[in-house]
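Here is a friendly walk through a single protein chain, from confidence to strands to charged side chains. Have the viewer open as you read.

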Amino acid sequence: MEEDQEALNLAADWADISQGLRKDLGQQVHSQWIKPIQPGNYCGETGTLDLYLPTEFSANWVADRFADRLSLAWKIARPDVRHVRILVHPGRRQLPELRLGSGGNPRRPANDSAQGASDALSAALEGEAFASLGQGSASIDASQTFASFVTGTSNILACNAAQRMAATEAPQFSPLYLKAATGQGKTHLLHAIGHAYLASHPSARIFYCSAERFMVEFVQALRQNQMIEFKARLRGFDLLLVDDIQFIIGKASAQEELLYTIDALLAEGKRLVFAADRAPQALDGVEPRLLSRLSMGLVADIQPADIELRRSILESRLARFAAIDVPADVIEFLARTINRNVRELVGGLNKLIAYAQLTGQQVSLQLAEEQLTDILSANRRRITIDEIQRTVCQFYRIDKTEMSSKRRARAVVRPRQVAMYLAKVLTPRSYPEIGRKFGGRDHSTVIHAVRLIEELRTRDADMDGDVRSLLRQLES
């Protein structure tokens, strides 16, 4: 079990490192030389990690040109890694046996031995279990599993639906359509479904691709006069995972083929999952019949992560860094400030920790503000005190003039104090500036209000609930 967990941790770390290298080196270089790398054996005693490539030529090429960069990236991600070796995959010649749905390769029977099931699952975890279609192939990301997916109120429906789709028993709905903005976790769930389904169905044939890739494969098959093979292979899969379905535009014939494929797979009880950044009805250039099929199952919406979920994601991520002390105020600052999407949130934490490790500095709020300027600027929505006052007055159903009035009735004073507290939390204004916005009140009055609301939140569940609700409204 410890070895399996270590393999999963290595795969997860490599996914992050690979993403960073893609940004540094460019898509073309990354796809050709970096993407094929697989984490291999790790020796804790010597701190030596083996990285595998499929051929001797590619291993030598990467070792000559990227060895130092890879070594540094791993040392940042895992301080216990001291040496990195770039080698040819020792079992590369047997890998074609593990391909799912590839032309002439035999499929494992459904009643294969437990060892066969273990081999198939291990292959998937190493990123080598994939299905080929036409000239292309798509692998399942080893780091993106249900275990590593942090849930909250904004994504629990989609996560539960995804788990149901991957379960042993037949789902009550198909297809499953995951709707989410960029960086909110829909692609993670697609890969997680593939992992879990392969674990419970070791002989399954799974195809994962983007909609754009599907169209490319279709056009290639059409030009090479291989449409019969294309259709047969596509309709032979047990699980079809299609990402970024919004890019199916322009080619009516490709849409028609996908439509027929959906009908054929559904008729045989197969499972289909689609993901997009918008609802089926909002897709552009997609014919009505295909839209009808996409929306006939369950459309599960992943909302932007609220602050509680962002905190949980950061804490979960932080648990994977060894001996790194990140103060609670830094976690709170990142969770509250980086709110556009989860990908940027995790990237900000990684960048902050990497900088601290490379320079020997302690992680602090000041360091976060200095080093994450670009990310913070892109995420920061300037909330005004006037906006806070309007929102609080609507919430408590009082007139906005009460924010600056001299009335001291409890029904007015408490909302006013809440608004002062929120103004201090959500804006860079000083106590005197806030006081002036509330009818020219003294800064000591604002300080009292802030401390009072902080104290009430710790012992009054209703007050804490009110403040949380107002924070969500103002930050959304």
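The chain has a mean pLDDT of 81, and 86% of its residues reach 70 or more. Where pLDDT is low, the predicted coordinates should not be read in detail.

## The chain as a whole

The secondary structure comes to 20 helices and ten strands. Of the 476 residues of the chain, 47% count as buried. Among contacts with a separation of 6 or more, 73% are between residues 24 or more positions apart.

## The three-stranded sheet

Let us begin with the sheet that has the order β1-β2-β3: three strands form it, it is open, and its pairing is mixed. Its edge strands are β1 (38–43) and β3, each of which pairs on one side only. On average, neighbouring strands of this sheet are turned by 25° against each other, direction ignored. Strands of a sheet pair through backbone hydrogen bonds, either parallel or antiparallel.

Both senses can be followed here. β1 and β2 run antiparallel and are joined by four bridges; on that side, Q38 stands opposite Y52 in β2. Strand β2 (residues 48–53) pairs with strand β3 (residues 83–88) in the parallel sense, over six bridges. Between β2 and β3 the chain passes through helix α3 (residues 56–77), and this β-α-β crossover is right-handed. Helix α3 lies across β1, β2 and β3, running at about 160° to β3.

## The five-stranded sheet

The other sheet to look at is open and has five strands in the order β7-β8-β9-β6-β10, with parallel pairing. Strands β7 (206–210) and β10 (298–302) are its edges, each pairing on one side only. Neighbouring strands of this sheet are turned by 15° against each other on average, direction ignored.

Within this sheet, strand β8 (residues 239–243) and strand β9 (residues 271–276) pair in the parallel sense over four bridges. V242 has F274 in β9 as its bridge partner. Helix α9 (residues 252–267) packs on the sheet and touches β8 and β9, its direction making about 140° with that of β9.

## Salt bridges

How many salt bridges does a search of the whole structure find? The search finds 24. Side chains of opposite charge can pair when their charged atoms come close.

One example sits inside a helix. R336 forms a salt bridge with E332, and the closest N and O atoms are 2.6 Å apart. Both residues lie in helix α12 (residues 328–337), four residues apart, which is about one turn of the helix. Is R336 buried or exposed? R336 counts as buried because its relative accessibility is 16%, under the 20% cut-off.

R457 and D464 meet through their side chains in a salt bridge of 2.8 Å, N to O. D464 counts as buried, at 17% relative accessibility. This pair belongs to a network of salt bridges that links E308, R457, D464, R468 and R472.

## A histidine to look at

A last stop is H188, which has its place in helix α6 (residues 186–200). With a relative accessible area of 15%, H188 is buried. Which residues is H188 in contact with, leaving aside its neighbours within four places in sequence? H188 is in contact with Q144, T145, S148 and F149.

Definitions and conventions: Residues are numbered from 1 along each chain as its sequence is written. This is a predicted model: local features need pLDDT of at least 70, side-chain atom pairs count only at pLDDT 80 or more; totals for chains, interfaces and linings use all residues. Side-chain values use heavy atoms; hydrogens and water are left out. pLDDT is the predictor's confidence in each residue, from 0 to 100. Two strands pair if DSSP finds at least two bridges between them. Helices (H or I, at least four residues) and strands (E, at least two) are DSSP runs, numbered from the N terminus. A crossover is right-handed if, with the strands pointing away from the viewer, the path from the first strand over the helix to the second runs clockwise. A salt bridge is a side-chain nitrogen of Lys or Arg within 4 Å of a carboxyl oxygen of Asp or Glu. Buried means under 20% relative accessible area, exposed over 50%, partly exposed in between (1.4 Å probe, protein chains only). Axes are lines fitted to C-alpha atoms, for helices over the stretch in contact, and angles run from 0 to 180 degrees between N-to-C directions. Contact means heavy atoms within 4.5 Å.
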